[in-house]
Amino acid sequence: MVRLPTGVCIAILGLAVALFANSHAADDSPAKTSIVESGPLSFEASVIRDKFGYAYGTVAVDLDRDGDLDLTCADATDNQLMWFANDGTGHFRQHLVCDNDPGLFERHAVGDINGDDWPDIAIVKNWVGELLWFEHSGKGGDVNPWNRHVITNEFSRAYDVALADIDGDGDLDVAGSNYAGREFAWFENDGTPDDDDLWKKHLVDTDLNDTRTIACADFNGDGCIDLLGTVLGQPLVAWYESLDDNGKVVWKKHVVDDQSPNPCHGHPADMDGDGDIDIIVGLGYFDGTDKDSTHQAAWYENVGTPGDGSTFKKHFIGELYWAFEAIAVDLDGDGDIDASGSSMGNPGGIHWFENTGDPKGQWKKHPIMPTWINANQVIAADIDGDGRQDLIGTAERGSNDFRLWRNLGPTKPR
């Protein structure tokens, strides 16, 4: 047996510890899987990572530019932001973007903030009221360290974030919501985002009781970036029209729904395939009334002429108890838009809703994980490159894990 010098042994041990800390799946062993039959579809379910302190926030994006979609995830109480390198088949190796950064990392968005053709990450820090962005190192698969930049440190209980060129100057600005600050706002990228100056803040709306969703889309088809916002406590679903006032962006508020209780997370999407932008939302989070009438996934049809956002009509998708988030996705590949949604609380869970051909008519609800305590974010992406949309989700206290449901297509006959 060859004995190595003590110093060499210590160095090797230190390297091994560092590698393990930066790579949860260091042995590259595949995750344990199970098959879930959900209505007309089958899914292969797997845990990407468990034993989080508080899992919330994920994005699918090709971070290492190898042609497949990687994943990000935040661990709020363990003070980590991670990314998971995809081997192309839906197996992942964990890497750290940031470690030991207290303040409750949660939802985040990905885009090229500094114009170097590499995707960066903008993220909220809920407790301390910050918006940060982390600069991609541009080193392919080896992207550590990521440079940390502060967008603002005065955004009380920062909650949601979105990236878009709001002022039309060619770079990505940041829009955000902060539920204690009761605001929607955007922060102007002046073209030098990495010079560590705080970004100029512009208010969109204020004095709102518990702001949640902030998202970007062109609702009236004028080529400008508008904003979608939901307010849990008022309640309110609204979009904010971007207008030009002598070179300054100003906002006109359009109320979509101020009657349906507790709108939480929603997204812009063309739900009916008519070429304009509709809205899908989960309604009922924190609502204690009858779940059949108020806990639901719903969509709002843009019925203006032609699709100008002047009028929206609500359509029921399906019951979703303590609905937290609803997303639009064609899961069954039939060319129309289905939906998926997450449920908070206990039992929590993830379901999908089958569009049977008329999105204004009856939808069919199918469980994917009918019990998953405090499921929060759910997203859709083609993780394995097979042309089918898969689902990825996070769940916080009571579950605290990060999961993938790989879409296998139609359920096989028994």
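Me: How many residues lie between β5 and β6 in their hairpin?
Reply: There are five residues between β5 and β6, and Gly88 in the turn has a positive phi of about 100°. Strands are DSSP runs of E with at least two residues, helices are runs of H or I with at least four, and both are numbered from the N terminus. Keep in mind that this is a predicted model, where local features need pLDDT of at least 70, side-chain atom pairs count only at pLDDT 80 or more, and totals for chains, interfaces and linings use all residues. Residues are numbered from 1 along each chain as its sequence is written, while side-chain values use heavy atoms, with hydrogens and water left out.

Me: OK, and in which sense do β5 and β6 pair?
Reply: They pair in the antiparallel sense, over six bridges, with β6 covering residues 92–98. Two strands count as paired if DSSP finds at least two bridges between them.

Me: What actually holds strands of a sheet together?
Reply: Strands of a sheet pair through backbone hydrogen bonds, either parallel or antiparallel.

Me: Is β5 mostly covered or open?
Reply: Mostly covered: seven of its seven residues are buried. Buried means under 20% relative accessible area, exposed means over 50%, and partly exposed is in between, using a 1.4 Å probe and protein chains only. Gln80, Met82, Phe84 and Asn86 are buried on one side of β5, and Leu81, Trp83 and Ala85 are buried on the other.

Me: And how many bridges does β5 make with β4?
Reply: Five, again in the antiparallel sense. Ala74 stands opposite Leu81 in β5. The hairpin of β4 and β5 has four residues between the strands, and Asn79 takes a positive phi near 60° there.

Me: Is Asn79 buried or exposed?
Reply: Asn79 is buried, because its relative accessible area is 15%. You'll find Asn79 in the loop between β4 (70–75) and β5 (80–86). Asn246 is exposed, with a relative accessible area of 78%, and its place is in the loop between β17 and β18 (248–257).

Me: New topic! Where is Asn400?
Reply: Asn400 is in the loop between β28 (390–395) and β29 (401–410). Asn400 is buried, with a relative accessible area of 11%.

Me: What does Asn400 touch?
Reply: Leaving out residues up to four places away in sequence, Asn400 touches Asp50, Lys51, Phe52, Gly53, Tyr54, Ala55 and Ala395. Contact means heavy atoms within 4.5 Å. A polar atom of the Asn400 side chain also lies 3.2 Å from the backbone oxygen of Gly53.

Me: Which sheet order includes β28 and β29?
Reply: The order is β1-β2-β29-β28-β27, an open sheet of five strands with antiparallel pairing. The edges are β1 (33–38) and β27 (375–381), and each pairs on one side only. β28 and β29 pair over five bridges, and Gly393 has Arg403 in β29 as its bridge partner.

Me: How many aromatic pairs are there?
Reply: The count comes to 14 aromatic pairs. Rings of Phe, Tyr and Trp (its six-membered ring) pair if their centres lie within 6.5 Å; planes under 30 degrees apart are stacked, over 60 edge-to-face, and the rest tilted. Take Phe155 and Phe187: their ring centres are 5.2 Å apart and their planes are at 90°, so the pair is edge-to-face. Phe155 is in the loop between β10 (147–152) and β11 (158–164) and Phe187 is in strand β13 (residues 183–188), so the pair ties together parts that are 32 residues apart in sequence. Phe155 and Phe187 are both buried.

Me: Which residues form an aromatic cluster?
Reply: Tyr56, Tyr159, Tyr179, Tyr285, Phe286, Trp322 and Phe324 form one.

Me: Which ring does the charged end of Arg65 sit over?
Reply: The ring of Trp118, 3.5 Å from its centre. A charge sits over a ring if NZ of Lys or CZ of Arg is within 6 Å of the ring centre and within 35 degrees of the ring normal. Arg49 has its charged end over the ring of Phe52, 4.4 Å from the centre.

Me: Last one: what kind of peptide bond joins Gln234 and Pro235?
Reply: A cis one, with omega about -10°. Asn346 and Pro347 are also joined by a cis peptide bond, with omega about 25°.

How values were computed. Polar contact = N/O pair within 3.5 Å; in protein donor to acceptor, adjacent residues only side chain to side chain.
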